[in-house]
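I opened the model to look up the sheet, the helices packed on it and the cores. My notes follow.

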Amino acid sequence: MQKLFIKLALVSTCMLAGLAAAAEIVVVVNPKNPATRMFSEQASQFFLGKSTMFVPLDQAEKSQIRADFYQRLAGKDISQVKAAWAKIIFTGKGVMPAELHSTAEVKKAIANDINAIGYIEKSAVDDSVKVILTLP
């Protein structure tokens, strides 16, 4: 009986971890920013250094949301993203996005900069940000 309980607890924990990893991620801007909608291809240009129209903000380097974001947005893992940015920095064509350490920091930075663009969990959206893209 105890072994069955332990197995059920492990299965439940794994299922919850899978649900957490599958959380929706949204790309957000300042509510006063005129952008209303964006496609993944457009957003990837800002986060991968191909356009400077927006000021991209990254989540913490080792965070799960950052890994999930780049995988969903551009099909790239963190090492591929770092390599792409290394080329841009080496050629002097750009600087990496500022790294913030929490969703709250991303929302605060976006609220203070009309040109900032970031990504957060959909569940964290409030009136301090405007969603312009939802990633599955």
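I count two strands as paired if DSSP finds at least two bridges between them. Helices (H or I, at least four residues) and strands (E, at least two) are DSSP runs, numbered from the N terminus.

**Ground rules.** This is a predicted model, so I took local features only at pLDDT of at least 70 and side-chain atom pairs only at pLDDT 80 or more, while totals for chains, interfaces and linings use all residues. Residues are numbered from 1 along each chain as its sequence is written, and side-chain values use heavy atoms, with hydrogens and water left out.

**Confidence.** I looked up pLDDT, the predictor's confidence in each residue, from 0 to 100. The protein chain averages 88, and 84% of the residues score at least 70. Over residues 3-20 the pLDDT is below 50, and this stretch has zero contacts in the model beyond near neighbours in sequence; contact means heavy atoms within 4.5 Å. Where pLDDT is low, the predicted coordinates should not be read in detail.

**Sheet.** In what order do the five strands of the open sheet run? I read β3-β2-β4-β1-β5, with mixed pairing. The edge strands, each pairing on one side only, are β3 (98-99) and β5 (130-135). I then checked β1 and β4, which pair in the antiparallel sense over five bridges. Val27 has Tyr119 in β4 as its bridge partner.

**Helices on the sheet.** I took axes as lines fitted to C-alpha atoms, for helices over the stretch in contact, with angles from 0 to 180 degrees between N-to-C directions. α2 packs on the sheet and touches β1, β2, β4 and β5; its direction makes about 115° with that of β4. α3 also packs on the sheet, touching β1, β2, β3, β4 and β5, and its direction makes about 110° with that of β4.

**Burial.** I call a residue buried under 20% relative accessible area, exposed over 50% and partly exposed in between (1.4 Å probe, protein chains only). Ser44 lies in helix α2 (residues 40-47). Is Ser44 buried or exposed? Ser44 is buried, with a relative accessible area of 14%. Leaving aside neighbours within four places in sequence, Ser44 is in contact with Leu73 and Ala74. Leu73 is one of the buried residues of α3, which also include Arg66 and Asp68. Just after α3, Gly75 takes a positive phi of about 65°.

**Helix α5.** In α5 (residues 103-111) I found Thr103, Val106, Lys107 and Ile110 buried. Seen down the axis, these fall within an arc of 95°, so they line one face of the helix; the arc is that of the directions from the helix axis to the C-beta atoms. The face turned away from the buried side carries exposed Ala104 and Lys108. What covers the buried residues of α5 includes β1 (25-29), β2 (55-58) and β4 (116-121).

**Cores.** A nonpolar core is a set of buried Ala, Val, Leu, Ile, Met, Phe, Trp, Tyr and Cys residues joined through side-chain atoms within 4.5 Å. Which residues of the largest core, 23 in number, touch the most other members? I noted Phe47, Phe69, Tyr70 and Ile117. β1, α2, α3, α4 (78-90), β4 and β5 are the elements that give two or more residues to this core. A second, separate core of 10 residues includes Val28, Leu57, Leu100 and Val106.

**Loop residue.** Lys62 is found in the loop between β2 and α3 (64-74). Lys62 is exposed, with a relative accessible area of 80%.
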